[in-house]
Structure formats: C-alpha cells, structure tokens
Amino acid sequence: MRSLLASGLLLLGQFAQAAGVVHEYQLDNGLKLIVREDHRAPVVVSQVWYKVGASYEHDGITGVSHVLEHMMFKGTDDYPAGEFSRIISENGGSENAFTSKDYTAYFQRLEKSRLPVSFELESDRMRNLHLLDKEFDKEINVVMEERRLRTDDKPTALTYEQFTATAFMSSSVRIPTIGWMNDLQNMELSDLQHWYERWYAPNNAVVVVVGDVDPEAVYKLAKQYFGSLKPEEIVPPKPRIEPEQKGRRDVTVRAPAEVPYTIMGYKAPVLATAELDWEPYALEVLANILDGGSSARLTRDLVRGSQIATSAGAGYDLYDRQAGLFLLDGTPAGEHGVAEVQQALFEQVQSLKDEPVSAEELERVKSAVVANAVYELDSTFYQAMKIGQLETAGLDWRLADKYVERINAVTAEQLQTVAKKYLVEEALTVAVLDPLPMETGQVGHTASNGGGHEH
Amino acid sequence: MRLPMLLGGLLLWAAQLPVAFAMPGIQHWVTDNGARVYYVQAPELPMVDVNITFAAGSVRDDGQAGLAHMTSTLLDMGAAGLSANEIASRVESLGAELTTGSARDMAWVKLRSLSDGAHLQPALTLFADVINSPDFNKSDFKRERERTLVAIRRSEQSPGTVAGYTFFNQTYGDHPYAPRPSGTIESIAAIKLGELEKFYARYYVARNAVVSIVGDLDRKAAEQLVDQVIGKLPAGERAAAVPPVPQLKSAQQQRIFHPSAQTHVRMGAPGMHRGDPDYFPLYVGNHVLGGGGLVSRLHNEVREKRGLSYSVNSYFSPMEQDGPYLLSLQTRNDQVDEALSVMRDTLQKFLDKGPTEDELVASKKNITGGFPLRIASNSNILDYLNVIGFYDLPLDYLEVFNDRVMAVTREQIVDAFQRRVKPETMTTIIVGGDD
C-alpha cells in the first residue's frame, strides 16, 4: 500500500509541475490576475471572481448578490442587454455565471485567441453596468422562478435551507444564496445599484485565466482592458461571529414528499478561521472516511451492512470564508424511519471518537486524494474554480497545491482528536423532512387531430 | 447518460482561427471475439479512461421495465467471488474510479485510473472481474431493488421528472423507448434475479460491445488492455436493431396535478436518429430556436422578454432510432397557459419562416468556433469515441463536422423542420399545481 501511494505521489509531482505553472500579477488598481498554463488544448477559460455573495448580505436584502449576477447580463451603455451573450456566442464561446455564499463569478470558455473578447466585455461590465427598471422587472421574476425550481419544489433542498437557518442564528452562513422569497418580492433596483457600487471594483476582483496562454501576454492584456478601471474603497462586512451554541437544535420540515430524509450538522471551523491549521484537513479526511466513495463507512455499514439507509453521506467544505458545518445525511430504507438512520449516524460518530481509524482506511483516503489531484488536471475549468474559491475565501491560491501534502500529513490520532472536539451534541443541529401526503394524478387528457394550438 | 448534443468539427474557421487544431487521431480495430475498439493516445496526463458500452439499455427490457437498469447496477456489487465491499475497497485504494450506468440505448462500465503499472494493472483486473464475472448475489439484488424502489418514489417528488417520463410514455406508446429506464414500483417489484443473469448473458457479450480508450498508453498497451478486460468475454451476438419509432398521428395533451409551486411543461415528438440524413439542418436550426444557450429564440421570447421561466430550451436527442425532439420550460402555476402559448407561437413562427440569415450565421459561428472546447479534455474525447463507436458513425465524423455545419442553408432548415417537426401531432405534458 505504501508503495502505491508513494508512486502516485511521484506521478503527481512530475505532472503537476509540468501542467500547472501558475503566475500571479496585481494591477495598480488592485485587480489580481492569476494565470495557470495548460497547453494540452488550444482553449482558455476566463473567470472573473468578485468577493461578494450571500454571506455578505443581511436580512431584508437576501439574494441580492445573486439577482445582481442575473442583471450583469442586462447591459451597459456600450453593450446593451443581450449583447454580451450574443458576442460571446458568435465567438464560439460558452459562458455563464454562478453565485455562492462567498463569491459571485462570471466565466467564458473560448478558443485561446478570443481571450481579448472576454476581457473587453468583462472589464466593461465591472464598472459600467446600466441597471434599468424595465429589465429588472422581468429578471426578478426569473429569479423567483429559479427559487421555485431549486428550492420550493424540492423537499430536500427546502429542508437544507431551514436546517442551515436553524444552525446559525447570527452568522450570515444562514442566508440562502437564492434569497428568501419575501426579500425577492420586495427587492428594488436601488438595492442592486447600491450593491453593485459597493462591491464591483477591480480591487475586489480576481481574474483567473487557465489555458493555452502566455502569462505575460495575458498580463499585458489585463492591463490594457482592466488597468484604467477606478478602484473603490471596499468596506468588509461585519464579522457576525456565531455565538457559541449551547445545545442540540432540532427542526422539522413538513412538506409534500414521498420519502423522509434527515440531515444533521456539527459546527466546525474552516481553513480561514481555524486556530490550528491542521484541523480542517483532519475534518476533510474524516468526511472521506465516512463518505469517500462506495467503500467508505456510511455506504459500507448503513447502506450495505445494516441496510437501514438507501443512501447516507457526509460533507465538509474546508475552503469556506466563515466557520460552517460538518454534515451528515441519510434516507431511510424500507420500513426503517429517520430515527433509526440518525441513531446509526450517531453510532458512526461515536466510533470515530472511540477508535482510531485503521491504517488501511487512512491509506485509501489518501490514495484517492492523490489520484484525484491528477484527474482534476483534465479540466481547466475545475483548476480555475479551485483558484477562485480559495482567493475569495481570503486564502492563498497556493494552498490548492499544498492540499495533497496537507492531507497526507493527517494522522489517525488527529482524526480522533477533531472527532472528539467538534462532533459534540452541544454543537449539533438536526433536521427532518417529515413527508406530507402527496396528492397527485391525472386531471385532464385530450387527444385531437391536428389541433396543435388548444390555448 | 445524456449523450453530448453538440458535436463539433473543424475546418470552417480555418480562415478565421489562427491555428489548425490537432484532431485526436482515432485508431479503430475489432477484437478476435468481435468487440469494436476506439482508441486515442493522450500522453499529457498520467491517467487512462476506459469506457465499455453494451447495447444493453432499457430498450432491451422486453416488458420488464428496469431490467437493464438492475442488471447494470448489480455488476460491481459482487464479482469473481469478491463482495461489493471488497471491490469498492480495492478500487478506491488504487485511487481508481469504477462506475456503471445505463440509459435507453446503452449500458456502460467505466474505469478511470492512474496510468502507471502499479495502479493500472490491479485496477484492470477488478474492471475485468466486474465485466466478465458478476456474481448476482441474492442479498445484493434484494438490497439494490429496495434502493431502486426508494429512488423511484423520491423521483415522484419532482414535477420535472414526472413530466419527463410521462412524455416518453405518451409519445412512444408501445415502442420500447416508452417505459422509464429505472422501471416503476410495480415492474421493479416483479423482477427476478434469474432474469438479470439471463439479460447479462445475452447482452454483455463482445460483439455487442464498444470499447473506448483515451489516455497515457501506447497502441500495444491499449491492445493488451482490451485483451485483458474483454478478451475472454463470449463473442455472442450483437443485439437486434431497435425497431423504428412510429410517428404520432394526433396531438395529445395531458395535465397531471402535482403539489408544486411551478408547472413543468414538456412538448415534443419523436425527432431524429444518429446518422439521420436531416441531422445537420435540424441540429443547426434548433440551435437558433432553442439550443443555443442564452441566445436562442425560445430563451429570448420566454425568459428575456417576459421573465416567464428560469430555464427554457429545445433539443433533439438523436438515438439509435428517433429520439425525442423536446421543448421544455417551467413556470409559476398561474402563468402556464401564457408560457405555453409563447412557446408554441415561437415554434410555429420558426416553422413558417425558419431562421434569418443573420441568426443562421451566428449559430454556425458558435457551433464551429466552439469546436476546440468540445475536444479539450480526455473525458470529452472519450464521450465522442463512444458515440462514434456505438452508433457506427464514420471515423472522420469530427473532422468533417464543421464542414457539414457550414454547408447547411436556410432553405434546408425550413424544409427539414417542416417535414420533421409537426406541432399538430406533438405530445404536451403539463405537471404542476393549482393557480
């Protein structure tokens, strides 16, 4: 086993160096540019990351970062609504944007010679967005449809939203990225204007470029397009550190559903907040011991062993900006209920505290991490994502290259230590999806000859 | 698996793109026992991807919906005397990824591994075990049957899923594309273990297999890999051709109540098949109508102009026989009539007049200019190899693709759409709550 891990590390070392030369630049206006060379194919991915997302928001305007992301496609004076997407499309590009707790990011994938098209359009909308009522009135409806699609009509997503808002009372981790529906209904154009002016500036942005490019040429291009943009004074949001939890919290979500579900989480530090910087890596390994593939404990013991659950998982994000949760979830099998699934999950947690993880299990997790680091190099988009996530969490992108090393340094003893320290009932929140009966059924059927336009 | 809808090609932009791209050099051979192999050497990263696809999708279920799905699911749940736990544990200790899956036309087993011998060889042994010697243990079968039943019940929570499978049921009628690949509560409960073994013995055979390989290994190593993985598989017989899909004769509309805030709409009909003579006019034309992401007509009319839906699109899913042409959207319950009427009007207008010359040029630029993006990674190339191999497409398919796209005219699009897309016989499925 040891030789396998060692040979994997050797492979990774050789290829990561060849494939992943990274260059970092900073423009005079504060814009950070990070370029990663990948010469396997004549393509480039360009991403503009802004340090703003739902965790920067407060009650009353939840969802504003994400609505603004939608409005960023609605035009500037030079490129009115629709032009951005039309131009990218005509250049053979694919594009979109995504918003999360800690960032709002815009991307294009293009043939490598088209990078200036991306920079021209992105630099324009970084400072010159022209927010118009007539576009906002339509787009806010699109966002409300998105909320219905992603959350309101998905019982497990609805449960997760209420679970998170229960686990955190003060920390803005509680805010759903899509926004509460009532806040969306009461959102105004001025909220967006204010948000745009406050956060969209070169000194609050990181441009990440990965692909078949010459870094110096990209730097020159960045200076040409982004160099003249005016910086803003960026005032970071208040810290809103979550007060210490004093006991288990429970929440029940009753919604029309067919299958019950439970999710639970323990408060846990992340890399950006941890006092001991090995702890987040240990928590990451712990999540993999439980749920790092089909041979990991939860599937082995709950799905295939006792068969109490049809699925069970664990999760932890070490790259978040604020302290979050170590998550466990499960769906009961057959006649078993959520209480049995919860009990089984608690037993798993207890066993992590009581007994050291075997050398074999630890080795398996590490081998998978090493191999994954190679597989990730097959996607330029993913490489760019990693860099952007770290930077917007207030971390250094170089940590991505340290990941394998840090994971490999984790010991069985450290796993036991973090399990005992963080997986404790005082810091636990538990949510249950309690299905309400779903009435469904056919209400109408018409067949007609040649009648394509009934409405 | 949703097959890649966008197939790129190359030459058109030779005048505008600064460099000619290296096309992946596809090597093809047939093994002694009849499997078709497609291989691209990719030495840049120390990894290997292998996909073995069998004509063993739900189209072969023969009245027992879910049979292909259950067979595929059981493959790595015990093989060559190793338990599911042992297989998973050994695979994951190697850092390898071994997955199985199935859809209507096909079922597949995939392996991704580091390419050095210490990792690849033991991974291939496990891969071969799963393909050649699945054990079909009773206890694993019972458990996976229960998991499938819960997954089906959970999927009933999603109005989009209900609309999707109802569309297939209604549109394909008695054709084997109609039933849900995952099966239904009733059909899964009725399946017997022995039927899985029979299904496996019939369809998981060499002549029914397409092997795709992309990675850091030379031709000789690729041949050895193929021999190791399926050299001992019985030759068997290739599955019979999927029967042609009958065209619909009349429109039908079905409304299903669902306790949701949104109503999901699926509208369409059998569309086209792989290698269809109308493939290019239909594909390029649909890019203008609803396939072109954020710039299509449907997107513009339904979302940009009216804010009625978060996602709205249309696409052809070419399969061995005519896969669906499907237009989709979802909207607040009280707006469904308006949204549906905009969608229908947009389609009708496109059928009447086709794309404008400007729209056609813009779509061609997007499709052909985006070509390098679509073969940029090993996993992209693996998917193309599988489509080319499984559907017997010519080996130069990628190389001539852009030429074929560029050759499409406005008139060809109008003609092809008017012959092939008929709103007067479309199925419309509407799933959602009360106003």
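Predicted model: local features only at pLDDT ≥ 70, side-chain atom pairs only at ≥ 80, totals over all residues.
Residues are numbered from 1 along each chain as its sequence is written, and chains are lettered from A and ligands numbered from 1 in the order in which they are written.

Q: How many helices and strands are there in chain B?
A: Let's start with the parts list. Helices (H or I, at least four residues) and strands (E, at least two) are DSSP runs, numbered from the N terminus. Counted like that, chain B has 16 helices and 13 strands.

Q: What share of the residues of chain B count as buried?
A: A residue is buried if 20 or more other C-beta atoms lie within 10 Å of its own, exposed if 12 or fewer, and partly exposed in between, with C-beta atoms placed from the backbone. Go through the 435 residues of chain B that way, and the buried share is 58%.

Q: Which element gives the most to the side of domain 1 of chain B that touches domain 2 of chain B?
A: The domain bounds come from an automatic or database domain assignment, which gives domain 1 (3-230) and domain 2 (252-432) in chain B. Two residues are in contact if their C-beta atoms, placed from the backbone, lie within 7 Å, and the contact here takes 40 residues from domain 1 of chain B and 50 residues from domain 2 of chain B. On the domain 1 side, the elements giving two or more residues are β2 (36-41), β3 (47-54), α5 (159-172) and β8 (209-215) of chain B. The top giver, with 9 residues, is α5(B).

Q: How many residues on that side of domain 1 of chain B are nonpolar, polar and charged?
A: Ala, Val, Leu, Ile, Met, Phe, Trp, Tyr, Cys and Pro count as nonpolar, Asp, Glu, Lys and Arg as charged, and the others, Gly among them, as polar. Sorting the side of domain 1 of chain B that touches domain 2 of chain B gives 24 nonpolar, 12 polar and 4 charged.

Q: Which strand gives the most to the side of chain B that touches chain A?
A: Here 76 residues of chain B are in contact with 78 residues of chain A. The chain B side divides into 30 nonpolar, 27 polar and 19 charged residues. With 7 residues, the strand that gives the most is β9 (residues 251-257) of chain B.

Q: Why is strand β10 of chain B described as largely enclosed, and how many of its residues are buried?
A: Have a look at its partners: β10(B) pairs with strand β12 (residues 323-332) of chain B in the antiparallel sense over 10 bridges, where two strands pair if DSSP finds at least two bridges between them. Another 5 bridges join β10(B) to strand β13 (residues 427-432) of chain B, also antiparallel. Strand β10 (residues 262-272) is largely enclosed by the rest of the structure because of its buried count, 11 of the 11 residues.

Q: Which residue stands opposite Trp108(B)?
A: Trp108(B) is on one face of β7(B), together with Lys110(B), Arg112(B) and Leu114(B), and these are all buried. Strand β6 (residues 97-102) of chain B runs antiparallel to β7(B), joined by 6 bridges, and the two form a hairpin with 4 residues between them. Opposite Trp108(B) stands Gly101(B).

Q: What is the bridge partner of Asp49(B) in β7(B)?
A: β3(B) and β7(B) run antiparallel and are joined by 8 bridges. In β7(B), the partner of Asp49(B) is Arg112(B).

Q: What is the phi of Ala80(B)?
A: Ala80(B) sits in the loop between β4 (78-79) and β5 (82-83) of chain B. It counts as partly exposed, with 15 C-beta neighbours inside 10 Å. Although Ala80(B) is not a glycine, its phi is positive, at about 50°.
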